[in-house]
Amino acid sequence: MTDFITTYKGFIEAYRGDSECIWVTVNLSNGTDIYFNNHKEWLDIKRKCQQEDLSVSAINLQFKSHKITVDMNDCEGSYLVRSVLGEVGSWTRNYYTVGKLKGDVVHKTRWLIPELVEEEKSEDTLDNCFEEAIIYHHAERTDE
């Protein structure tokens with residue numbers, strides 16, 4: 001499992017080494033904050049939440065001084081993925097998609113990165129989402 005950055009001091013030290021990337025802060029139900037800039041750490045956070053029966057309270061995305069916060073207390077699970085969108089003859093655009101699971105629907109917001117501009121909101125059923133990207137609140141989903 002990853003050695004998480006869990007202190008603001010640790011975050012600042014890491015940020016100074018790479019201030020041009022998107023930083024994600026996940027606030028957990030036990031009061032722990034986890035900072036990362038590699039989206040693959042989300043899978044380690046998912047394992048930690050499953051093992052310790054934790055939930056995600058908020059997801060924060062930050063680019064330089066611009067920060068957005070998505071409160072996750074009003075849903076059954078949290079969703080986070082990196083994605084790209086491209087068209088022939090045009091630029092490829094990079095995104096973070098943050099979602100809230102409510103029932104069998106994930107309510108998603110797609111954030112253009114690095115600018116962190118909200119570009120699109122959508123709703124998808126669980127069948128159209130990446131299962132590994134969902135952290136269910138307080139352990140695994142029980143109605144499967």
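Where is the place of Lys 46? Lys 46 sits in helix H2, in a model that is predicted.

- Lys 46 is buried but has no salt bridge.
- A salt bridge needs a side-chain nitrogen of Lys or Arg within 4 Å of a carboxyl oxygen of Asp or Glu.
- The side chain of Lys 46 does reach a backbone oxygen, that of Ile 134, at 2.9 Å.
- Apart from neighbours within four places in sequence, the residues in contact with Lys 46 are Glu 131, Glu 132, Ile 134 and Ile 135.

**The loop between H2 and E3**

- Helix H2 covers residues 41–52 and strand E3 covers 56–63, with Leu 54 in the loop between them.
- Asp 53 is found in this loop too, between H2 and E3.
- Asp 53 has a positive phi, near 55 degrees, although it is a residue other than glycine.
- Leu 54, by contrast, is buried, with a relative accessible area of 6%.
- The C-alpha atom of Leu 54 is separated by 9.3 Å from that of Ile 135, a residue 81 places apart from it along the chain. Ile 135 is also one of the residues in contact with Lys 46.

- Strand E6 spans residues 93–102 and is mostly covered, with seven of its ten residues buried.
- E6 pairs with strand E5 (residues 77–85) in the antiparallel sense, over nine bridges. Within this part of the model, Ser 78 has Lys 100 of E6 as its bridge partner.
- E6 also pairs with strand E7 (residues 105–113), again antiparallel and over nine bridges. Here the bridge partner of Tyr 96 is Trp 111, in E7.
- How many residues lie between E6 and E7 in their hairpin? There are two residues between them, and Gly 103 in the turn has a positive phi of about 70 degrees.
- In a regular strand, side chains alternate between the two faces of the sheet.

**The loop between E7 and E8**

- Pro 114 is found in the loop that joins E7 to strand E8 (117–125).
- The peptide bond from Ile 113 to Pro 114 is cis, and its omega is near 15 degrees.
- Leu 116 has its place in the loop between E7 and E8 as well.
- Leu 116 is not a glycine, yet its phi is positive, at about 60 degrees.
- Leu 116 is buried, with a relative accessible area of 3%.

**Helix H1**

- Helix H1 runs over residues 8–17, and its buried residues are Gly 10, Phe 11, Ile 12 and Tyr 15.
- The cover over these buried residues of H1 includes strand E1 (23–28), strand E2 (33–36) and E3.

**Cysteines**

- The count of disulfides is zero.
- The cut-off for a disulfide is a pair of cysteine sulfur atoms within 2.5 Å.
- Cys 49 is buried, with a relative accessible area of 2%.
- Cys 75 is buried too, with a relative accessible area of 11%.

Conventions: Residues numbered from 1 in each chain as written. Predicted model: local features only at pLDDT ≥ 70, side-chain atom pairs only at ≥ 80, totals over all residues. Heavy atoms only, no water. Buried < 20%, exposed > 50% of the residue type's maximum accessible area, 1.4 Å probe, protein only. Helix = DSSP H or I, 4+ residues; strand = E, 2+ residues; numbered from the N terminus. Pairing = 2+ DSSP bridges. Lys, Arg positive; Asp, Glu negative; His and termini not counted. Polar contact = N/O pair within 3.5 Å; in protein donor to acceptor, adjacent residues only side chain to side chain. Contact = heavy atoms within 4.5 Å.
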